[in-house]
Amino acid sequence: MAEQAHDVIVIGGGLAGSEAAWQAAEHGARVLLLEMRPVRMTPAHQSAFMAELVCSNSLGSNLPDRALGVLKNELRLFGSLVIRCADLHAVPAGGALAVDRDAFSQAVTDAVESHPRITVRREEATRLPAGSPVVVASGPLTAPSLAEAIDELAGHSALYFFDAMAPIVSGETIDMSIAFRQSRYDKSSAKAGEAGEEAQESRGEGDYINCPLTKDEYDAFVRAVNDAEKISLREFERDDEAQRYFEGCLPIEVLAARDAMALAFGPMRPVGLRDPRTGRRPFAAVQLRQDNAAGTLYNLVGFQTNINWADQERVLRMIPGLSNAEFVRFGQMHRNTFLNSPKLLRPTLQWHDRPDLLFAGQITGMEGYVGSIASGLLAGLNAWAIYAGHVPIELPRTTMLGALAYYITRADPADFQPMKANFGLLPDLDPPVRDKRRRYAAYAARALAELEAVKRRFQLNGPEASIE
């Protein structure tokens, strides 16, 4: 590995690694990006594209007064490559930013590989390089040899949890005489549902396809989930200490086993929906979100599962509207790795006792796609700063990214779990704002104003930086 020929080394070409490499290169560093795919694949990835989305195709809310919307706008302000590619390849998803996953990943790959200061090398990193600032963005599916090197450096403080992927179906095989199109709280669709003769027309509106269930259908579905055979775990995954699910991405069988109504109050909650056949809210509903720009593929929102594929197909066909569906991908579960970041990282994402080593992505505990991208942006900027002899950037806690970085490095190490963007991480406003919508809007305005000041102080590039 010719490390000395480069100013910054990035390990991993996922969301975080792609963003880190781009930021460091855009600010003048020569970057070596190591990505092991396709030389070595992971249990979840299916391609060699950079920034491949392996679970949902949604990057969450795009509304400016929602936590993920605030974080996205912070990234746009700092010229995020990955968010820009997501915006360019968005598909309908109501107030959320969802993408055509193949077109999105191709765009990120093309941009990174064509950057004049980024060298992409398709090989597995088996150790932590020395001699240059290094960003480890190897992801929650870090290969064993590198994971062992990180774990040894961490004094065996790394943790493990399990994550799962939702199934995808072919859109043309969904029975639209049962399922209906509607976004939550879609007033026009709700009125059409009440109008009787206009109900059929309402099936063409809304960004989501909804499969409604009666109480009897829901109860039968839960029983089937509980009775289905689950894929057994390998020995290393059966370790009691390692068997920890992240609460924000629980498989449906884990929820169903906890309580018979857990799915109805979780991924199958029917709030904001009205079945045009009855004019009423269904007892439960499965939402399907468009997964590609052509609108031919849909993923089952929140339906991560580790049920074996034969039983999975049988159980999922019990969902009204999916009895004859073609499943393009079944759900899967895999081991994810993350650091005990409060013990190991600074808010700059530097290693606590090796300042030229930085971490980014879900391995840090910044949960979700947008959190991964954001951590990559911060780590990439700081890798460049270290190379250039500048003081690394510690973002204000009044920004969503700064608050996330502060949380993952200042939480109690004894019970640390990954965290996604939320307003509860931000300091209170002064003076306080009682109305929730006005308070969230004020949080957003304060965060962007703070980041504008950071950009000026550190003379950082912004949205004007080109993708070419």
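Me: How many cavities of 30 Å³ or more does a search of the whole structure find?

Reply: The general idea: rolling a probe the size of a water molecule over the atoms shows where empty space is left. On a 1 Å grid over the protein atoms alone, a cavity is a set of points where a 1.4 Å probe fits but cannot get out. Points are joined across faces, edges and corners, and the volume is the space filled by probe spheres set on them. Here the search finds one cavity of 30 Å³ or more, and about 40 Å³ of space lies in the largest cavity. Keep in mind that this is a predicted model: local features need pLDDT of at least 70, side-chain atom pairs count only at pLDDT 80 or more, and totals for chains, interfaces and linings use all residues. Residues are numbered from 1 along each chain as its sequence is written, and side-chain values use heavy atoms, with hydrogens and water left out.

Me: Which residues line the largest cavity?

Reply: A lining residue has an atom within 4 Å of a point. The lining is T142, A147, I150, D151, A158, T337, L339 and I363. Helix α5 (residues 144-153) gives the largest share, three residues; helices (H or I, at least four residues) and strands (E, at least two) are DSSP runs, numbered from the N terminus. By type, the lining has five nonpolar residues, two polar and one charged. Ala, Val, Leu, Ile, Met, Phe, Trp, Tyr, Cys and Pro count as nonpolar, Asp, Glu, Lys and Arg as charged, and the others, Gly among them, as polar.

Me: On to helix α10. Which of its residues are buried?

Reply: Buried means under 20% relative accessible area, exposed over 50%, partly exposed in between (1.4 Å probe, protein chains only). In α10 (residues 309-316), D311, Q312, V315 and L316 are buried. They sit on the same side of α10 because they cover an arc of only 125° around the axis, taken from the directions from the helix axis to the C-beta atoms. Their packing partners are α8 (215-227), β13 (297-300) and β14 (327-329).

Me: And N340: buried or exposed?

Reply: N340 is buried, with a relative accessible area of 5%, in the loop between β15 (332-338) and α11 (341-344). Leaving out residues up to four places away in sequence, N340 touches S157, P413 and F416; contact means heavy atoms within 4.5 Å. The N340 side chain also reaches the backbone oxygen of P413 at 3.3 Å.

Terms used
On a 1 Å grid over the protein atoms alone, a cavity is a set of points where a 1.4 Å probe fits but cannot get out, and a pocket is an open set with protein on both sides within 12 Å along at least five of seven lines; lining residues have an atom within 4 Å of a point. A polar contact is a pair of N or O atoms within 3.5 Å; within protein, one must be able to donate a hydrogen and the other to accept it, and residues adjacent in sequence count only if both atoms are side-chain atoms.
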